[in-house]
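Welcome! Please open the structure beside this page and keep the sequence handy as you read.

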Amino acid sequence: MRQLPVRMARWSARHAGRAIAGWFAFVVLCLVAGIALGTNEATTKDFWVGEAGRAEATATEGGLERSPTERIMIRARSGELDMATAGAAARDVTERMRDLPEVESVAAPVRSKDGEALLVSVVLNGPELEGKKNVVPLLEQTAAVGADHPHLVVEETGSPAISKGVNDQRDEDLALSERISLPVTVITLLIVFGSVIMAGVPLLLALSSIAAAIGLSMVASHVMPDAGVGTNLILLIGLAVGVDYTLFYLKREREERARAGGRLGPEALVELAAGTAGRAIVISGLAVIVSTATLYLATDVIFSSLATGTILVVAVAVASSLTVLPALLVVIGRRADRLAPRRAARRARRGKPARAGKPETGRVFGALLRPARTRPALTLCLSVLVMLGLTVPALGLKLIDPGKDTFSRDIPAMRVYDRLTESFPELFVTHEVVTRSTPEQAAQVKRALEDLGRRAQADPLFARAPKEAESTKGAQDAKDATSPETPTNPKVPQSPKNPRTPAISDPTVRTSADGRISVLELSVPHPAPSTEAIESLTRLRQDHIPATVGRLPGVETAVSGDVARGRDYVSHESDKLPLVLGFLLLMTFLMTVWAFRSVVLGAIGVVLNLLSAGASLGLLVLVFQGTWAEGLLAFDSLGAIASRVPLFLVVILFGLSMDYQVFVVSRIQEARQNGRSAREAVLEGINRSAKVVTSAAVVMVTVFGAFVALHLTEMKQMGFCLAVAVLLDAVVIRLMVLPSALLLLGERAWWPARRPGRTVRAQEPAAAGSPAEVG
């Protein structure tokens, strides 16, 4: 492992032109291959989890799956709604929609209970997830109807329109985060290097790594379907680790250049840097990859997609640091060597002395390190207590699967959704009871489901259907106003999948053609994340079903719907968390032991990562689970944390924490191998790595922190937690806890490894400019 980065750097240094051309050819090839193959997007069945997943699989088997549905609501711009005018608009909507190839059926209009709105429901062709791709023509036709009827408000919402709005908003947010993070990254690199060219190298390699990883992820999606989140994570992680790895390598090359004092050529300097920083980058990248791979154990398409994106971009970033980066440094170094005499002569003519090397640690870092250096025991105790105190709020962590009710109201379809559910509260949530039986039991099952529907209607938690007379009258008024001459819609097949019912809130039973599978739909007038909606699901599963259809022998029953999907997803993740966390701790320990041959350091690494992850999760709960920070960070509290956030963050944080662990401990190990005492090695290693680690942390905090400005609460939570964790890890863990612990342990920290002999660094290049091996 030690020689691999050196051999790769040596080849790249000697064939700089070919290495650079080969890298960018690789990036183009990845993009071309990805575009040629396209992205294999996850289908609805890839998201099936738990009982809700079983219910949807059964319904799909019987041709009774949920279809993407849009709702067009017509209301008066002012005053009361005139039914004749509204009926004309409804007729216009119906005629326009049924002519679209994207539309499967258009339902008869339904009037709201207060008589202030008329609703036309449109079912799109294709599976549920494809609705967002096909909804644009419907939105255009709705806008056209609104323009033709200026005295009415004609607006559209539905899961397809909302999904499209969320995707559009996410794209805008990502562009905003790039506009925030890229300038700060450039400024940070300029401060670190004081050179535009050197600052541009990390950014160039990070962006090229991101491009290659996006292409590779498109190819990989044909093995593991893409859930639509992989690209977002590639951008997020790629910029962070891509800049970090290049930054560590560049800083080490500069140190070697300053130490050589002009006696070594660019090729030799690159090899020296590869023997230390290159090896650390490989170990760090492997640590992130191994940590992230534990997400596959969650057996969830979203986490698998996130894991694939992260693994690809980290692997590509490591490859760029070991191949094209040495070549670029050689080219830049040769140019600097040619210009050095002229610069020196220019400074001599101006009477300026030669530039002195900057100290490794400035006043700020010296002040932060002073407590650990002077009073390690006290510093360790206080630092750990602070981290544990920040972890305490995480004990009250509550998880929620954020549905469409939690999306930003800056999305037009969400504002329409609010008005829709105000007029038609029965459209908030639908529970779907799915049964499987023999064809001979079909009639018995239907009667039991109808009984279940009546029991649910008598339950205050469920939507009550309006009185039969009112329902019939409202439906007839809407039907007459729409088109007396056209009593039926040609695009409404009279089949069990498209029953014609007098009111939306009436429980409906649909049965497959073979009579084996039936679906009962029950409305609940509460938003999906609400306590009432969750309680209605619990009561349905535990009380109503066992008392009705659950009594029938041999009949399989499962419940799906908006609430069931969310609750089962949270339960699935909670069940997988111990397995993922156990493997994550084990892999972190083994990777550290393998890298440094020390069991003690492996245990320390696990504890420090737990402290960092726990404190960041505690702050996440403190900020986002309450309401006090809503105005500060511009979000509406969910009263809980998005269910995907904790598991994903713990895995990613362990990987990123290993980054800093590897780079800091590598410098300490190097000082130790060069003959320093245990105390001297710790202080020298921390001093030499403090500035570059903190600079890398600034880049990461900026990239992750930019996500706090996004609209989606889940992304805000993710960005906040990552930014806080990196900051705590770089400052508290690496500058206080780690050095204090290592100073107190002394040589025992490296058990069972023996103390190495002193390694002599080559001061002059060999015949070909190759350095001796460095610790």
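Here is a short briefing on this predicted model, starting with the whole chain and moving on to single residues.

The chain has 775 residues, of which 53% are buried. In it you will find 24 helices and eleven strands.

**The chain as a whole**

- The accessible surface comes to about 31900 Å², and carbon and sulfur atoms hold 60% of that surface.
- Take the contacts with a separation of 6 or more: 81% of them involve residues 24 or more positions apart in the chain.

**How confident is the prediction?**

- The average pLDDT of the chain is 85, and 88% of the residues score at least 70.
- Over residues 465-502 the pLDDT stays under 50, and the model has 58 contacts beyond four places in sequence for this stretch.
- Residues 758-775 also have a pLDDT below 50, with 43 contacts in the model beyond near neighbours in sequence.
- Where pLDDT is low, the predicted coordinates should not be read in detail.

**Strand 7 and its partners**

- Strand 7 covers residues 429-436, and seven of its eight residues are buried, so the rest of the structure largely encloses this strand.
- With strand 9 (residues 517-524), strand 7 runs antiparallel, and eight bridges join the two.
- To see one of these pairings, find V429, whose bridge partner in strand 9 is V524.
- Strand 7 also runs antiparallel to strand 10 (residues 556-561), this time joined by six bridges.
- Here a pairing to look for is V434, whose bridge partner in strand 10 is A558.
- As background, side chains in a regular strand alternate between the two faces of the sheet.

- Which residues make the nonpolar surface patch of about 380 Å²? They are L378, L382, L385 and L388.
- L382 sits in helix 14, which spans residues 376-391.

- T592 belongs to helix 19, made of residues 562-596.
- Is T592 buried or exposed? T592 is buried, because its relative accessible area is 1% and the cut-off for buried is under 20%.
- Setting aside neighbours within four places in sequence, T592 is in contact with R597, L601, G602 and M658.
- R597 has a positive phi, near 55°, in a residue other than glycine.

- T299 is not a glycine, yet its phi is positive, at about 45°.
- Where is T299? Look in the loop between helix 10 (266-293) and helix 11 (301-322).
- With a relative accessibility of 48%, T299 counts as partly exposed.
- The peptide bond from W751 to P752 is cis, and its omega is near 10°.
- P752 is found in the segment after helix 24 (713-745).

Key. Residues are numbered from 1 along each chain as its sequence is written. This is a predicted model: local features need pLDDT of at least 70, side-chain atom pairs count only at pLDDT 80 or more; totals for chains, interfaces and linings use all residues. Side-chain values use heavy atoms; hydrogens and water are left out. Patches are made of residues with over 30% relative accessible area and no salt bridge: like charges are joined within 9 Å, nonpolar side chains (Val, Leu, Ile, Met, Phe, Trp, Tyr) within 5 Å. Accessible areas come from the Shrake-Rupley method with a 1.4 Å probe; for residues, only the protein chains shown count as cover. A salt bridge is a side-chain nitrogen of Lys or Arg within 4 Å of a carboxyl oxygen of Asp or Glu. Helices (H or I, at least four residues) and strands (E, at least two) are DSSP runs, numbered from the N terminus. Buried means under 20% relative accessible area, exposed over 50%, partly exposed in between (1.4 Å probe, protein chains only). Contact means heavy atoms within 4.5 Å. Two strands pair if DSSP finds at least two bridges between them. pLDDT is the predictor's confidence in each residue, from 0 to 100.
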